[in-house]
Amino acid sequence: MAPQATGPFELQSGEVAFSADIAQVEEAMREASPESGGAEWGSAVIGQPRAVEALRMGVRVRARGYNVFVSGAPGTGRRTAVLRALSELSSEAGHGAPGLQDIVYVYNFSSPLEPITLVLPPGGGAAFKRDLHRMVEALKSIIRLQAEGRAGREAEDAATREFERRENALLASFESKLLADGFRPVQMDLGSGPVMDIVPASDAGTAGADEVLGREGSAAAFEELQARVASGAMGQADYDELRRRWYGHMDEMKRLFAEIRKGRIAVEAENEELRTRMLAPQVAAEASLIAEKWPDPKLRSWAAALEKDILAHLYLFQAEAEGAPTRRRRSPALARYGVNLLVDRESSPSAPIVVESHPSAANLFGTVEPRPEDEGDTRTAYLRIRAGSFLKAAGGFLVLRAEDILADEESWLRLKRALQDGRADIQSRDGPQGPGGWLKPEAPRAEVKVIMIGGESSYDILYQADPDFQKLFKVHAEFDSSMPRDAEALRDYAAFARRVSEDEGLLPLGSSGLAAVIEQGSRIAEYRSRLTTRFGAIADLLRESDYRARLTGAVAIAAADVRAAVETRARLANLPEEKLEDMIATGEIILQASGGAVGRVNGLAVHDRGYFAFGLPAVISAQVSPGEGGVINIEGESGLSGEIYDKAVLIVEGFLRSRYARDFPLAVTASICFEQSYTAVEGDSASSTAVYALLSAIADIPLRQDIAVTGSLNQLGQVQPVGGVNEKIEGFFRVCRQAGLSGTQGVMIPRRNVVNLTLSREVQEAVSSGAFRVWAVSTIDEGIAVLTGMPAGTADARGDFPPDSFNGKVRRELLRMARTVKSYMG
């Protein structure tokens with residue numbers, strides 16, 4: 001038989017005992033099995049009804065601003081729940097879903113640096129691209145056939161022959177005029193082709209002029225004439241007259257050649273106009289096929305511009321048809337008549353779900369692919385535009401992690417702008433030569449539902465800090481870190497464990513093993529009546545339990561394997577705990593775990609490493625004397641306390657004043673200290689401990705040192721619950737076990753923390769055998785009774801306590817100190 005509690009505040013072993021009912025566990029396993037038709041893990045998100053309801057509402061309300069922010073602790077299934085809710089809605093959407101569309105870029109004929117977007121039904125982008133390609137190929141064939149046709153060639157040849165006849169006549173007339181005036185035309189070869197020049201004829205006083213002509217032409221001829229003038233063979237007046245007439249003929253030749261060039265251009269224009277007139281019906285017919293098939297007004301307007309541009313650039317088609325090489329291999333002449341299929345929904349059966357794990361501005365909104373060799377080519381620039389995640393998610397959902405998007409200020413600002421405007425602005429990347437904003441693509445419309453996943457409390461922080469956030473993320477899906485421990489939750493745990501085992505090839509989980517997993521789930525949740533929803537931690541526990549079971553050759557995971565996995569994980573992370581316990585055992589850290597002491601209490605602190613937390617005792621001492629200094633926080637004075645602990649010390653002083661000094665001034669100088677503590681102290685879980693030490697020092701009454709204490713205090717003297725109660729109890733238990741369990745040692749906790757007790761099997765067994773004890777108190781008076789063994793005493797109507805009570809001695813001593821201070825001051 002288990003020993004009975006020795007006092008009214010000591011917990012019975014049954015109150016400390018904690019385990020999962022094996023019969024309930026076995027029933028849950030039967031209901032969750034496939035043979036019983038139980039729900040499979042994955043058919044619903046476990047333990048998050050509120051968050052799932054918010055998610056479903058957020059993704060189904062299509063109004064702008066109803067984006068969803070999902071918050072919660074890591075491992076609670078946030079991402080799984082998001083993807084499942086989105087998959088449900090996505091499967092309902094399909095091609096008929098609002099916003100599901102193909103997006104293409106086409107050439108802007110009037111402003112080449114501003115490509116145009118066209119929006120088409122799902123699958124329409126690829127079909128439109130094929131149609132445009134077919135049209136270009138058809139026009140190339142038509143133009144080639146027209147060029148080879150007799151009627152077109154004869155008309156062009158006739159116009160050309162007539163012009164050449166007129167040209168020859170003009171040249172012959174000019175040459176006759178030159179000869180009549182003593183000049184003649186010559187051709188010079190300057191290396192870049194023949195050039196016409198005029199030189200004096202030999203009978204004009206330039207005997208041997210033919211010999212001096214060459215690359216210098218008329219310049220050489222006139223140099224010879226100047227030499228004759230210098231020698232007296234030719235008069236200066238004759239030379240000047242010859243020179244004047246030569247300039248006149250040169251001007252006339254220039255006018256003649258300009259007229260001939262104009263004529264050639266006119267003939268070419270006539271021929272081009274002729275070809276255009278002959279091809280215009282075919283071009284119009286091809287363009288009308290595009291416009292009729294795609295009735296969108298914007299596309300029809302572009303098709304009209306396309307028709308005009310083709311008629312203005314028929315020579316490009318002829319060059320392609322004749323196989324003429326293009327200037328650049330990567331910049332074909334007909335690239336302006338292509339289609340950049342940016343978003344293709346042809347093979348999408350449902351609304352897209354895009355998860356962007358690296359939301360840089362380029363990844364989110366797209367970019368213009370840099371190609372230095374084509375930097376200035378406007379014909380192909382629109383073909384280098386690439387879509388980002390936002391456009392890929394058009395008509396569907398975009399999933400982001402809050403910490404990723406908020407870390408990039410540009411991405412966050414552009415995302416807010418895109419959600420406000422409903423458009424994705426694609427910008428060129430900056431290159432080594434400077435900003436890349438030379439191309440300004442039209443921002444395509446895109447209706448996207450954004451689901452952002454963040455940590456606990458992150459929604460509240462963003463909501464208060466960013467007014468735009470309030471308008472853009474109107475739905476908050478908040479994931480709880482725990483759920484009620486009921487029959488449904490047990491079935492969910494059983495189904496989850498079986499699913500993980502099947503998916504990862506783990507050993508099956510036996511009923512005792514599942515019971516141990518459930519117990520650990522309650523321990524992580526820190527409530528006996530709840531289970532954690534951090535299924536990432538539960539999955540890790542199953543994997544490590546499988547490892548322990550295989551070491552022993554087991555065929556199933558049992559409770560011993562689960563507990564061994566928990567103990568192994570703790571042992572691998574508890575090196576600092578062992579070092580501190582060794583320091584206590586060797587006396588380096590002064591700690592008394594037996595007997596009594598005045599103004600000294602063993603408090604309890606939790607050391608949290610993030611992935612592992614452990615509790616250890618810490619001595620809290622108090623010293624008092626008459627004075628007006630009040631309660632001095634030594635940690636606060638030395639800069640080693642946080643704001644919450646500073647508040648707790650002020651509450652301690654307020655409690656003293658309201659409890660013991662209502663009718664006289666509180667004239668005491670007291671100091672409270674965490675002994676041998678050299679790091680910052682934060683939290684209020686030691687405030688009740690500080691009160692016990694302070695009252696003991698005032699009344700000069702010793703307190704039990706074999707009891708460690710935790711609990712928060714309010715000004716009314718009530719003991720409030722604290723966190724980490726299991727780690728604190730187990731930490732003091734290990735210290736006592738190392739020193740030797742006396743049977744009187746134990747921990748005093750707040751009564752409201754009993755619901756949090758999920759102690760290890762070793763501690764439960766020690767309490768059951770009477771080797772270790774746990775007390776639970778609701779008030780400071782109850783704690784005084786446990787620590788001193790004497791009644792605290794209740795105040796009468798005048799505020800006086802019984803003289804032999806603990807509180808009576810405290811009040812009497814405080815009154816003495818007040819009188820001492822008054823007499824000293826007075």
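Glutamate 10 lies in the segment before helix α1 (13-16), where helices are DSSP runs of H or I with at least four residues and strands are runs of E with at least two, numbered from the N terminus. The model is a predicted one, in which local features need pLDDT of at least 70 and side-chain atom pairs count only at pLDDT 80 or more, while totals for chains, interfaces and linings use all residues. Residues are numbered from 1 along each chain as its sequence is written, and side-chain values use heavy atoms, with hydrogens and water left out.

Glutamate 10 has a relative accessible area of 8% and is therefore buried, a term that stands for under 20% relative accessible area, with exposed meaning over 50% and partly exposed in between (1.4 Å probe, protein chains only). The side chain of glutamate 10 also makes a polar contact, at 2.7 Å, with the side chain of arginine 773; such a contact is a pair of N or O atoms within 3.5 Å, and within protein one must be able to donate a hydrogen and the other to accept it, with residues adjacent in sequence counting only if both atoms are side-chain atoms.

Two strands pair if DSSP finds at least two bridges between them, and strand β8 (residues 367-368) is joined to β11 by 2 bridges, the two running parallel. Within this part of the sheet, threonine 367 stands opposite glutamine 427 in β11.

The aromatic residues give another view, for the structure holds 23 aromatic pairs. Phenylalanine 365 and phenylalanine 390 have ring centres 5.6 Å apart and planes at 40°, so their pair is tilted; rings of Phe, Tyr and Trp (its six-membered ring) pair if their centres lie within 6.5 Å, and planes under 30 degrees apart count as stacked, over 60 as edge-to-face and the rest as tilted. Because phenylalanine 365 lies in helix α12 (residues 361-365) and phenylalanine 390 in helix α13 (residues 389-392), the pair ties together parts that are 25 residues apart in sequence. Phenylalanine 365 is buried at 1% relative accessibility, and phenylalanine 390 is buried with a relative accessible area of 1%.

Tyrosine 459 and tyrosine 463 form a tilted pair, 5.8 Å centre to centre with 35° between the planes, and both lie in helix α16 (residues 458-465), 4 residues apart, about one turn of the helix. Tyrosine 459 counts as buried at 9% relative accessibility, whereas tyrosine 463, at 32%, counts as partly exposed.
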